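Work through the two exercises below with the model in view, and follow each solution one step at a time.

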Amino acid sequence: MKSLPYFCRGEVIRGFGRGSKELGIPTANFPDSVVDNLPADIGTGIYYGWACVGNCDVYKMVMSIGWNPYYKNTKKSMETHVIHTFKEDFYGEILSVVMVGYIRPERSYNSLEALITAINNDIEEAKVKLELPEHLKLRDDNFFTNASSSSSALPPPTATTSETQTIMNGH
Ligand code: ADP
Ligand code: MG
């Protein structure tokens, strides 16, 4: 996938209440402005990479890109599970991510148990792959270091894109 690694950030919005948190695997949702900017070659499926909430530490993550039921599955959604235990929810905060690699396509599962097992396998795969030196390098990218002061490096926000939802790639 030529667009990887792909850097983006945006505000964490409420999802569709699928109860991911109840499964022990909460997924932070990006707004449409971030999803709509995804390059065409980044299709649906499961990805791994690095994530940072606000201006905090950078953690490993897995991301699911799927079809958004809110739009009758005509638009994509991007849901990030940060591999870290947070004390509190972080709706409204800025989530910065770099998508580094692709794990697998989307699949449907016969049982909740099978789904949870698959996601836990994805998490294990992400943990191992991200230890590769070429991937560790991205954790230290100044995209994350400058997460809070990035606005100075960005073009002025346009009428339709708020500063907090600005997409960056190749920064
Ligand atoms: P929603 O349907 O609103 O996305 P979820 O059950 O998927 O609800 O929970 C997602 C929310 O949980 C995130 O928006 C975030 O505020 C919170 N959260 C807490 N820990 C994590 C984590 N490790 N990864 C992602 N989100 C987390
Ligand atoms: Mg979610």
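**Exercise 1: a ring pair and its surroundings**

Phe-86 is partly exposed, with a relative accessible area of 29%, because that class lies between buried (under 20%) and exposed (over 50%), using a 1.4 Å probe and protein chains only. This is a predicted model, in which local features need pLDDT of at least 70 and side-chain atom pairs count only at pLDDT 80 or more, while totals for chains, interfaces and linings use all residues. Residues are numbered from 1 along each chain as its sequence is written, chains are lettered from A and ligands numbered from 1 in the order in which they are written, and side-chain values use heavy atoms, with hydrogens and water left out.

Task: Classify the pair formed by the rings of Tyr-59 and Phe-86.

Solution. Rings of Phe, Tyr and Trp (its six-membered ring) pair if their centres lie within 6.5 Å, and planes under 30 degrees apart count as stacked, over 60 as edge-to-face and the rest as tilted. Here the centres are 5.8 Å apart and the planes stand at 85°, so the pair is edge-to-face.

**Exercise 2: around Phe-143**

Solution. Ring pairs join Phe-143 with Phe-7 and Phe-144 in a cluster. Finally, the charged end of Arg-9 sits over the Phe-143 ring, 4.1 Å from its centre; this term requires NZ of Lys or CZ of Arg within 6 Å of the ring centre and within 35 degrees of the ring normal.
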